[in-house]
Amino acid sequence: MIEVKEPKRIPLIGSLQGMYTVFKHLFKKPITVQYPEEKAYTPARFKFRIFLSMDDCVGCTLCEQVCPNLSIRMIVVERNNPHNKRNLYPQVNFGTCTVCRNCEEICPTEAIYLTHELETARTRNNFFYSPEELQKTESEVKK
Amino acid sequence: MNILTRLQLFFQITGHYASYFLAYIFETIFFLIFVVIALIAMIYIFRKYMARLQLRIGPNRVGKFGLLQLIADALKLVGKESIIPKLRDDFAYKAAPYIVFIGLVVGFVLIPYGSFYWIGSLTITHSNVSLILFFGAIAMMPIGEVLAGISSHNKYAVIGAFRGIAKDVSFEVPMMISAVALVMMDSALSRTPLNFETLVSTQFIPFGILQPLGLFVFMVAMIARSSYTPFDLAESDSEIVSGYSTEYSGMRFGLFYMGMFGSIFLGSLVVSLLYLGGFNGPYSSYAGFVYLLIKGLILVLISFLIWLSMPRIRVDRFINFGWKILLPISIINLIWAGFLTLGVIS
């Protein structure tokens with residue numbers, strides 16, 4: 001039988017070491033971000049809100065087909081656009097959008113693209129952005 | 001001069017008996033305000049300190065720096081519905097939180113506070129046996145906890161009460177023996193060693209320097225009395241839901257909560273009085289109370305650090321610790337105090 005020697009322990013030293021480690025944290029900066037007043041750092045290539053240029057959109061419905069969460073639906077908006085004879089434009093539900101950026105990648109005319117805008121705070125069950133709203137910035141939409 | 005005489009002089013215009021009557025009433029009111037403010041400050045300091053140690057900010061929305069957070073919490077607790085178990089033992093169930101709180105308040109009454117500026121001595125009770133009275137008063141608090149446990153008709157509460165009894169039995173004996181060592185040493189210095197105030201004011205050197213073992217035992221016992229983390233066997237939240245206070249809600253739970261924080265503050269004050277010189281210091285006839293508060297607050301911060309950095313000890317290990325380590329240490333300390341008393345002081 002192998003005899004396992006217990007390491008020599010000095011009582012209370014381990015507890016004091018633990019207390020010292022905890023105490024050192026008193027002089028560190030808190031990592032909490034007080035959100036509405038101060039904003040967390042977001043990298044320059046961070047993207048969230050989908051934007052749409054209605055003049056460039058040709059109504060090909062590729063974005064609707066490629067959307068994995070069925071967040072994009074094509075709706076009819078009466079508008080005089082010679083490139084878009086069927087008047088089909090994407091409507092986005094940000095409640096289910098996961099920012100996979102497939103729509104941006106597949107768009108043949110680069111009409112749909114994502115921007116740095118983050119704060120799309122809205123009331124519950126109202127995450128739908130109509131094509132007209134997708135054209136505007138968030139502050140304009142709120143008005 | 002003490003605070004009672006000052007108040008009596010203030011009310012002297014009403015006559016001799018009426019002025020004493022009013023002085024006693026106002027002394028009580030001031031004292032209760034002091035206790036409540038101390039409890040609120042303790043909980044606020046704990047929450048801020050815990051938040052900073054965990055790299056958070058802590059309460060900061062209600063009032064400036066979150067100072068009104070505790071008042072908001074108290075209002076919430078008062079406004080909450082009190083849900084009580086159907087098969088409870090009614091009187092014991094309802095009396096238990098008050099017993100805990102009254103034990104705490106009586107403990108605060110019996111300790112000496114030193115003197116402050118022109119008011120003079122802030123000590124409320126002047127008794128020749130106030131040390132014994134003090135230990136009797138804080139021994140009321142476990143009774144409330146045990147009553148709460150066995151009257152709730154809840155298995156977790158009963159287990160919590162049993163664990164509380166096991167804990168209390170294990171540390172009370174070493175605590176009293178280390179207190180006896182202090183009294184023995186002070187009996188050579190004064191004629192009334194059981195008087196808390198003379199016990200403190202005759203410390204030419206803080207007794208904690210002369211009896212470091214006693215300081216250790218008493219500090220551990222005070223941590224166990226307040227039942228926070230290394231020794232929170234009675235309400236180990238991860239094993240037995242919330243121990244003896246499982247079935248309590250609303251303000252009754254709030255009283256248990258305040259009793260816990262109050263006993264941390266009380267324990268710190270008592271350790272600083274008995275072992276660290278309390279209100280002794282330069283100009284102690286003017287600023288004794290301030291010395292006491294500063295020493296007490298430093299001990300409170302150390303207690304919180306212990307709370308926040310240590311895991312809970314197992315029940316059997318705590319009982320072993322109490323009977324096999326603390327008790328021999330306190331007896332060695334008693335013998336050492338005897339040597340000091342006979343050989344050095346007298």
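Read along the sequence, the secondary structure of chain A follows the pattern α-β-α-β-β-α-β-β-α-α, which amounts to five helices and five strands. The model is a predicted one, and it places this chain in contact with a chain B that holds 13 helices and two strands.

**Overall form of the chains**

- Chain A has a radius of gyration of 26 Å, well over the 15 Å that the globule rule gives for 143 residues, and it is therefore more spread out than a compact globule.
- The C-alpha trace of chain A, taken along its principal axes, spans about 85 × 50 × 30 Å.
- Chain B, with its 13 helices and two strands, has a radius of gyration of 21 Å, close to the 20 Å given by the globule rule for 346 residues, so chain B is as compact as a globular protein of that length.
- For the C-alpha trace of chain B, the spans along the principal axes are about 55 × 55 × 45 Å.

**Confidence in chain A**

- The mean pLDDT of chain A is 85, with 99% of its residues reaching 70 or more.
- Within chain A, confidence is lowest in helix α5 (residues 138-142), where the mean is 75, and highest in helix α2 (residues 62-66), where it is 91.

- Three strands of chain A form an open sheet in the order β2-β3-β5, and their pairing is antiparallel.
- The edges of this sheet are β2 (72-76) and β5 (128-129) of chain A, and because each has a single partner strand, one side of each is left without a neighbour in the sheet.
- Between β2(A) and strand β3 (residues 88-93) of chain A, which run antiparallel, there are five bridges; A:Met74 has A:Pro90 of β3(A) as its bridge partner, while A:Arg73 stands opposite A:Gln91, also in β3(A).
- On the pairing of β3(A) with β5(A), likewise antiparallel, two bridges join the strands, and A:Val92 stands opposite A:Tyr129 of β5(A).

**A helix pair in chain B**

- Helix α7 (residues 155-187) and helix α10 (residues 212-226) of chain B pack at an angle of about 145°, their axes lying 9 Å apart, and the crossing of α7(B) and α10(B) is left-handed.
- To this contact α7(B) brings B:Lys167, B:Phe171, B:Pro174, B:Met175, B:Ser178, B:Ala181 and B:Leu182, and α10(B) brings B:Gly214, B:Val217, B:Phe218, B:Ala221 and B:Ala224.

**Contact between the chains**

- Eleven residues of chain A are in contact with ten residues of chain B.
- On the side of chain B that touches chain A, the elements giving two or more residues are α2 (16-53) and α12 (284-309) of chain B, and α12(B) gives the most, with four residues.
- The residues on that side of chain B comprise seven nonpolar, one polar and two charged.

Note on methods
Residues are numbered from 1 along each chain as its sequence is written. Chains are lettered from A and ligands numbered from 1 in the order in which they are written. This is a predicted model: local features need pLDDT of at least 70, side-chain atom pairs count only at pLDDT 80 or more; totals for chains, interfaces and linings use all residues. Two residues are in contact if their C-beta atoms, placed from the backbone, lie within 7 Å. Ala, Val, Leu, Ile, Met, Phe, Trp, Tyr, Cys and Pro count as nonpolar, Asp, Glu, Lys and Arg as charged, and the others, Gly among them, as polar. Axes are lines fitted to C-alpha atoms, for helices over the stretch in contact, and angles run from 0 to 180 degrees between N-to-C directions. A crossing is left-handed if the near helix is turned anticlockwise from the far one by less than a right angle, and right-handed if clockwise. Two strands pair if DSSP finds at least two bridges between them. pLDDT is the predictor's confidence in each residue, from 0 to 100. The radius of gyration is taken over C-alpha atoms; the globule rule is 2.2 Å times the number of residues to the power 0.38.
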